[in-house]
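Subject: Structure handover

Hello,

Here is the structure I promised to pass on. Please open it first, then read my notes below.

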Amino acid sequence: MSNITILQGTCVVISTLVLSFIIGTILPGFERKFVQARIQQRIGPPVTSPGIMAPLKFLFKKNLNPNSPAPSLYKSLPFICFLLVGLIFLSLTPQMYFFEALASIIAIIGFLKVEEVAYVLMGSLSKSVMSLGLPFPDLAKGAAHPDSERSYLEDISSKRAFRMIAFGSFPLYLALFIPVAISQSIYLADIVKYQQVNGPLIFTLAGIIGAIVFFIGYMILLNEYPFNILKAKADVIEGPYMEYSSKYRAVLYLTKGFLMFTLGVLFSVLFIGVPPNILSWGILVNIAIAFIFPVLMGILSAFSPVFTYRQFYPVVLVTSLLGVLAIVVGLI
């Protein structure tokens with residue numbers, strides 16, 4: 001491979017990445033403005049507010065330093081999450097398919113799992129409430145023990161994040177293995193090639209079931225209604241990243257939009273066989289899926305109650321069983 005070819009491929013990948021990031025900044029506002037606001041019959045915020053203006057606003061805010069046993073790690077976690085989402089997107093681009101260690105289902109699952117673990121660490125590494133420490137013991141009636149330290153809001157969310165990792169991730173990960181079962185390969189290049197020869201998996205029975213399972217996993221991973229257990233505003237306010245401010249909160253906002261777009265592209269690759277490439281008309285398919293998913297999520301969220309574990313576990317169980325069924329159908 002010549003240096004010119006490598007340079008051209010690098011430019012294409014970077015251009016695709018930049019375009020995807022820009023569109024990702026619009027997705028949260030699109031969902032709130034044109035889906036949730038319309039259903040609730042209100043004007044709603046500007047499209048640019050959640051994904052563009054909010055991060056810009058936070059960049060100029062004063063940074064606060066909450067109490068943390070590992071402050072350097074705590075501050076680095078938002079940037080680690082953003083980097084992980086970027087790596088997932090890069091693995092989906094066809095120019096990276098030669099690097100099989102990166103462009104595989106195993107690598108994508110690994111990146112997603114580390115991103116989930118980061119939310120557990122975000123909650124467990126902050127010992128503050130609005131950047132103020134609470135060193136006194138919890139003497140409230142019904143506390144675990146009079147000598148125990150007071151539970152912090154983020155610590156509560158951290159424990160919930162751990163349960164989400166242990167149970168809530170199953171639907172999405174099972175959905176990722178459905179194309180593997182059908183194409184008999186864990187590599188994205190083989191999965192895309194199989195669909196180019198045999199047609200998109202979304203038009204098969206296993207693909208239809210897999211699309212449903214993937215979408216449920218998509219909502220769980222984004223912690224949106226009714227699966228927003230990590231940040232139920234009634235008790236833990238903003239979940240595991242409540243104490244982040246300034247540039248750290250800005251990165252978290254940008255990461256969410258980027259993750260929404262990346263998951264849409266992931267679905268396009270696995271179930272339609274269209275990888276992201278700015279020089280191909282297939283990028284329009286990636287963009288369309290990236291916008292369709294927030295629309296469906298906004299509609300479902302608007303008419304769903306907030307799940308407690310009593311509802312969450314059965315939904316995850318049923319969805320996981322559907323994922324297993326789709327894998328079996330794909331193998332057959």
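A definition first: helix axes here are lines fitted to C-alpha atoms over the stretch in contact, and angles run from 0 to 180 degrees between N-to-C directions. Please keep in mind that this is a predicted model.

**Helices H7 and H9**

Helix H7 covers residues 188–198, and helix H9 covers residues 246–272. They pack at an angle of about 55°. Their axes are 8 Å apart. Angles from 65 to 115 degrees count as roughly perpendicular and those under 35 as roughly parallel; H7 and H9 are therefore oblique to each other. On the H7 side, the contact is made by Leu188, Ile191, Val192 and Gln195. H9 contributes Val269, Leu270, Phe271 and Ile272. Seven of the residues in this contact are nonpolar and one is polar. None is charged.

**Gly273**

Next comes the loop between H9 and helix H10 (282–302), where Gly273 lies. Is Gly273 buried or exposed? Its relative accessible area is 8%, so Gly273 is buried. Gly273 and Val192 are 81 residues apart in sequence. In space, their C-alpha atoms are 4.5 Å apart. Leaving aside residues up to four places away in sequence, Gly273 touches Val192, Gln195, Gln196 and Ser268. Val192 and Gln195 also belong to the contact of H7 with H9.

**The salt bridge**

How many salt bridges does a search of the whole structure find? It finds one. The side chains of Lys113 and Glu116 form it, at 3.4 Å from N to O. Both residues sit in helix H4 (residues 105–124). They are three residues apart, so about one helical turn separates them. Lys113 is partly exposed, at 26% relative accessible area. Glu116 counts as buried, at 10%. The cut-off for buried is under 20%.

**The chain as a whole**

The protein chain has 11 helices and two strands. From the N terminus, the order is α-α-α-α-β-β-α-α-α-α-α-α-α. The chain has 332 residues, and 52% of them count as buried. Its accessible surface comes to about 15,700 Å². Carbon and sulfur atoms account for 71% of that surface. Now take the contacts between residues at least 6 apart in sequence: 78% of them join residues at least 24 apart.

Best wishes

How values were computed
Residues numbered from 1 in each chain as written. Predicted model: local features only at pLDDT ≥ 70, side-chain atom pairs only at ≥ 80, totals over all residues. Heavy atoms only, no water. Helix = DSSP H or I, 4+ residues; strand = E, 2+ residues; numbered from the N terminus. Buried < 20%, exposed > 50% of the residue type's maximum accessible area, 1.4 Å probe, protein only. Contact = heavy atoms within 4.5 Å. Areas by Shrake-Rupley, 256 points an atom, 1.4 Å probe, with all protein chains shown as cover. Parallel < 35°, antiparallel > 145°, perpendicular 65-115°, else oblique. Nonpolar A, V, L, I, M, F, W, Y, C, P; charged D, E, K, R; others polar. Salt bridge = Lys/Arg side-chain N within 4 Å of Asp/Glu carboxyl O.
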